[in-house]
Amino acid sequence: MVSTPTTNVTAQSGQLRRTLTLWNLIIYGIIVVQPTAPMPSFGVISKEAHGHVVTAILIAMVAMLFTAVSYGRMARVYPSAGSAYTYVGRELHPSLGYLTGWSMTMDYLLNPLICIIWCSKAAGNVAPEVPYVVWALGFATLFTFLNLRGVKTSARINEGLAAGMAVVIVLFLIAAVRYLLRTAHPSSGFFLHPFYDPKTFSAPAVFTGTSIAVLTYLGFDGISTLSEEAENPRRNILLATVLVCLITGVLATIEVYVAQLVWPSSTDFPDVDTAYVFVAGRAGGAILFQIVNITLLVANIGSGVAAHLAAARLLYGMGRDDAIPKSFFGAIEPRRGIPRNNVIFVAALALLGALLLSYQLGAELLNFGAFIAFMGVNAAAFMHYFVRQKEKSLWSFLMPVVGFSICFFIWLNLRWQAKVAGAIWLVVGIAYGIYKTKGFRKNLSFDAAAE
């Protein structure tokens, strides 16, 4: 569940106070990413990577660590913006910044969509007699109702939920270890199979799984938006971003490693989308099944509500600046100060997508846009710190180039369905940009979305 730290403003100056320590930044990043991040996508990754979920998670972590360095370094240059489209637009070209922003818009719109899909599948585990379409309609309505009412979750509640997730993770790990200790293992290499199983290993399959596994880390880039409130931002933003990726990777590796041992890839899951819940059931019985199912359901409801509102606000920012039709997207409901049109629009789009798309395709499309942003940030860091700097350094060359190359390679390993759908989205964005700017003769800004 996404939380936003309390904004500190001095009474006299009207400026943000630098009160966020390195520890505050790390905790914020972990809460945004969520301790249970790999659990919802576990089954999909396992299916695509032929059981090598751990390997996919670790490869994704390497890609994210290089990209995290680029995010942290660019936050030093643009401490008040903290967004991929700003970095790309100012360092490379405004048109490329626009395309990066357009790609990120797809991410914002898809996030509530995949939350609706997962929540509906998880609720179906509790009450399978209720059709999926009814659950999808119910969760879309719930997200819309809460955002139209202006219901907000406090940082304390978010921290409490994160702590609750941590407790559930510990309970699962204890149950899984007990299960493994009393279960016979077929071979001496059993405990290495989550990393490498010679019977099923396929490099293309692992990289396809990696293209989905990146979903585990999404949200770490939000740390860069706190530059103006952080103590020693030149050091702490970079360090916190890298540490959050590293901590997330280590925790995710433990979670999926144990799960893969409990439920080897040779056995199919009853439901791929909620596979981790069934792993918990095998390890700890019906009680742990329900505990993990409800925990992940609550977490995804929180993420879905926050993502729904974030998408509505992004559209409002674009509408307010007339990047998209202002009369509809730039309107605010006066009584509660909410972009009501956008909340309803996002709900309708998310519900339609939840009925037409699978969780896997939705997640891959989300990552399609995310990788474009990540490649853009690495390219911006290369341009600023190597091309434009008088003094060249090997560090300034290698970090963004390696980060860009890994992200590009993983992006290429998205399934063709995701690449085709993502390409269509980009073509629509380019066509709209040409129309709106009369052939890109004037800039079309996404900067309003950062506010």
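Biologist: Is the crossing in which H3 passes H14 left-handed or right-handed?
Modeller: This is a predicted model, in which local features need pLDDT of at least 70 and side-chain atom pairs count only at pLDDT 80 or more, while totals for chains, interfaces and linings use all residues. Residues are numbered from 1 along each chain as its sequence is written, and side-chain values use heavy atoms, with hydrogens and water left out. Helices are DSSP runs (H or I, at least four residues; strands are E, at least two) numbered from the N terminus, and a crossing is left-handed if the near helix is turned anticlockwise from the far one by less than a right angle, right-handed if clockwise. By that convention, the crossing in which H3 passes H14 is left-handed.

Biologist: How are H3 and H14 oriented to each other?
Modeller: The axes, which are lines fitted to C-alpha atoms (for helices over the stretch in contact, with angles from 0 to 180 degrees between N-to-C directions), come within 9 Å for H3 (residues 53–77) and H14 (residues 394–412) and cross at roughly 135 degrees. Angles under 35 degrees count as roughly parallel, over 145 as roughly antiparallel, 65 to 115 as roughly perpendicular and the rest as oblique. H3 and H14 are therefore oblique.

Biologist: How do the residues of the contact of H3 with H14 divide by class?
Modeller: Contact means heavy atoms within 4.5 Å, and the residues that make it include Val62, Phe66 and Ser70 of H3 and Met399, Gly403 and Cys407 of H14. Ala, Val, Leu, Ile, Met, Phe, Trp, Tyr, Cys and Pro count as nonpolar, Asp, Glu, Lys and Arg as charged, and the others, Gly among them, as polar. The residues of this contact of H3 with H14 divide into 13 nonpolar, four polar and one charged.

Biologist: Which residues does serine 70 touch, not counting residues up to four places away in sequence?
Modeller: Serine 70 has its place in helix H3, and at 2% relative accessibility it counts as buried (under 20% relative accessible area, with exposed over 50% and partly exposed in between, for a 1.4 Å probe and protein chains only). With residues up to four places away in sequence left aside, serine 70 touches Val377, Asn378, Ala381 and Pro400.

Biologist: How far from the sulfur of cysteine 407 is the closest cysteine sulfur?
Modeller: Cysteine 407 is buried, with a relative accessible area of 0%, and cysteine 245 is buried too, at 1%. A disulfide is a pair of cysteine sulfur atoms within 2.5 Å, a rule by which the count comes to zero disulfides. The closest sulfur to that of cysteine 407 belongs to cysteine 245, and it is too far for a bond, at 10 Å.

Biologist: How are H6 and H12 oriented to each other?
Modeller: H6 (residues 132–148) and H12 (residues 340–356) pack with their axes 10 Å apart, at an angle of about 165 degrees. Their crossing is right-handed, and the residues that meet include Ala136 and Ala140 in H6 and Ile344 and Leu351 in H12. H6 and H12 are therefore roughly antiparallel.

Biologist: What covers the buried residues of H4?
Modeller: Helix H4 (residues 84–91) is mostly covered, with seven of its eight residues buried, among them Tyr85, Tyr87 and Glu91. What covers the buried residues of H4 includes H3, H5 (94–126) and H13 (359–387).
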